[in-house]
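Me: I have a chain open on my screen and would like to go through it with you. Could we start with its contacts?

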Amino acid sequence: MEEKVAEPRETMLTSRIDRLFQVVRRPNGEQHSHEEVARACRESTGESFSAAYLWQLRTGRRDNPTKRHLEALAAFFQVPPAYFFDDEQGRALAEEIELLGALRNNAVRNLALRAVTLSEEGLGTVADIVEAISRRESKREQGE
């Protein structure tokens, strides 16, 4: 009998796993491959963990991983396992992950490092300028 593959559906778990792949990258900036992550998870758990299974978790085709698999993913991406289980802590960690992803961009990091020495007034001015540019670029992308 042929195993039926579930239709993909986005869940909190799939979006959190995908976000880790999007943000936590190799030192050269490239994403980790499914095979690379699956191999590390196999080595840390001693359990079966294939690249195909990881892809299925990431895309919502499978949605019931074992606790050990999630712990192995957490260890690989260097986040606490609660990132996957606890809504409140997961949201807080998601914000930190977003910040880490932004700081991987050299221009953003240089701007942030320069901003550290600014007064509250100076930070407000920079924030206003960034917001104005962001609105302008958003309108341009929307074709307005």
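Me: What share of the contacts with a separation of 6 or more comes from residues 24 or more positions apart?
Reply: In the protein chain, such residues account for 50% of those contacts, where contact means heavy atoms within 4.5 Å. Please note that this is a predicted model, in which local features need pLDDT of at least 70, side-chain atom pairs count only at pLDDT 80 or more, and totals for chains, interfaces and linings use all residues. Residues are numbered from 1 along each chain as its sequence is written, and side-chain values use heavy atoms, leaving out hydrogens and water.

Me: How many helices and strands are there?
Reply: The protein chain has 8 helices and 0 strands; these are DSSP runs, helices being H or I with at least four residues and strands E with at least two, numbered from the N terminus. The radius of gyration, taken over C-alpha atoms, is 19 Å, well over the 15 Å that the globule rule (2.2 Å times the number of residues to the power 0.38) gives for 144 residues, so the chain is more spread out than a compact globule.

Me: Which residues of α3 are buried?
Reply: In helix α3 (residues 51–59) they are Ala-51, Tyr-53, Leu-54, Gln-56, Leu-57 and Arg-58. Buried means under 20% relative accessible area, with a 1.4 Å probe and protein chains only.

Me: What do they pack against?
Reply: The buried residues of α3 pack against α1 (12–23), α2 (34–45) and α4 (67–77).

Me: And what follows α3?
Reply: Gly-60 does, with a positive phi near 85°.

How values were computed: Buried means under 20% relative accessible area, exposed over 50%, partly exposed in between (1.4 Å probe, protein chains only).
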